[in-house]
Amino acid sequence: MINMPSFNVTYDRDSDVLYISARKVAAHRGVEDAQGIVWRYDREGELIGITVVDFYDRWYGHRPELARKISEGFHVPERVATTVINHAIETLRNS
């Protein structure tokens, strides 16, 4: 059986920033990659969340690539990552 995290997804429309968290724990460190995604880790070095800067402007047209990155980072199936992104888009449309 796969231990799959449940994700808390929040979108800040004013800043165009998407927050995805797998656990509610303070981040010990964050590492920004070349695409502007900040990968947040706990004290033990486990990924606990990501911050996607310019979510709509940069990633809306590249959702499959973002889903792959989320899938790889959190070790979840790509379909789960796609569901997380789709939830964020629904949030965006309803805000």
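Let's start with Asp42, which is buried at a relative accessible area of 4% (buried means under 20% relative accessible area, exposed over 50%, and partly exposed in between, with a 1.4 Å probe and protein chains only). Keep in mind that this is a predicted model, where local features need pLDDT of at least 70, side-chain atom pairs count only at pLDDT 80 or more, and totals for chains, interfaces and linings use all residues. Residues are numbered from 1 along each chain as its sequence is written, and side-chain values use heavy atoms, with hydrogens and water left out.

**Asp42 and its surroundings**

- You'll find Asp42 in the loop between S4 and S5 (helices, H or I with at least four residues, and strands, E with at least two, are DSSP runs numbered from the N terminus).
- Not counting residues up to four places away in sequence, Asp42 touches Arg23, Val25, His28 and Ile48 (contact means heavy atoms within 4.5 Å).
- A polar contact of 2.5 Å links the side chain of Asp42 to that of Arg23 (a polar contact is a pair of N or O atoms within 3.5 Å; within protein, one must be able to donate a hydrogen and the other to accept it, and residues adjacent in sequence count only if both atoms are side-chain atoms).
- A polar atom of the Asp42 side chain also lies 2.8 Å from the backbone nitrogen of Glu46.

**Salt bridges**

- How many salt bridges are there? The count comes to three (a salt bridge is a side-chain nitrogen of Lys or Arg within 4 Å of a carboxyl oxygen of Asp or Glu).
- One of them joins the side chains of Asp42 and Arg23, at 2.5 Å from N to O. Asp42 is in the loop between strand S4 (37-41) and strand S5 (47-53), while Arg23 is in the loop between strand S2 (17-21) and strand S3 (29-32), so this pair ties together parts that are 19 residues apart in sequence.
- Arg23 also meets Glu46 in a salt bridge, at 3.5 Å from N to O. Here the pair links distant parts of the chain, 23 residues apart: Glu46 sits in the loop between S4 and S5, and Arg23 in the loop between S2 and S3.
- Arg23 counts as partly exposed at 34% relative accessibility, and Glu46 is partly exposed too, with a relative accessible area of 44%.
- Lys69 forms a salt bridge with Asp33, with the closest N and O atoms 3.5 Å apart. Lys69 lies in helix H2 (residues 63-74) and Asp33 in the loop between S3 and S4, so the pair ties together parts that are 36 residues apart in sequence.
- Shared partners join Arg23, Asp42 and Glu46 into one salt-bridge network.

**Strand S5 and its neighbours**

- Why is S5 largely enclosed by the rest of the structure? It's because six of its seven residues are buried.
- S5 pairs with S2 in the antiparallel sense over five bridges (two strands pair if DSSP finds at least two bridges between them). In this pairing, Tyr19 stands opposite Thr51 in S5.
- S4 and S5 also run antiparallel, joined by five bridges. Tyr41 has Leu47 in S5 as its bridge partner.
- The hairpin of S4 and S5 has five residues between the strands, and Gly45 takes a positive phi near 85° there.

**Aromatic rings**

- Three aromatic pairs turn up (rings of Phe, Tyr and Trp, using its six-membered ring, pair if their centres lie within 6.5 Å; planes under 30 degrees apart count as stacked, over 60 as edge-to-face and the rest as tilted).
- Among them are Tyr11 and Phe55, with ring centres 5.8 Å apart and planes at 65°, so the pair is edge-to-face. Tyr11 belongs to strand S1 (residues 8-12) and Phe55 to helix H1 (residues 55-59), so the pair ties together parts that are 44 residues apart in sequence.
- Both Tyr11 and Phe55 are buried.
- Tyr56 and Tyr60 have ring centres 4.9 Å apart and planes at 40°, so that pair is tilted. Tyr56 is partly exposed at 38% relative accessibility, and Tyr60 is partly exposed at 26%.

**Charges over rings**

- Arg29 has its charged end over the ring of Tyr41, 4.8 Å from its centre (a charge sits over a ring if NZ of Lys or CZ of Arg is within 6 Å of the ring centre and within 35 degrees of the ring normal).
- Over the face of Tyr60 lies Arg63, at 4.3 Å from the ring centre.
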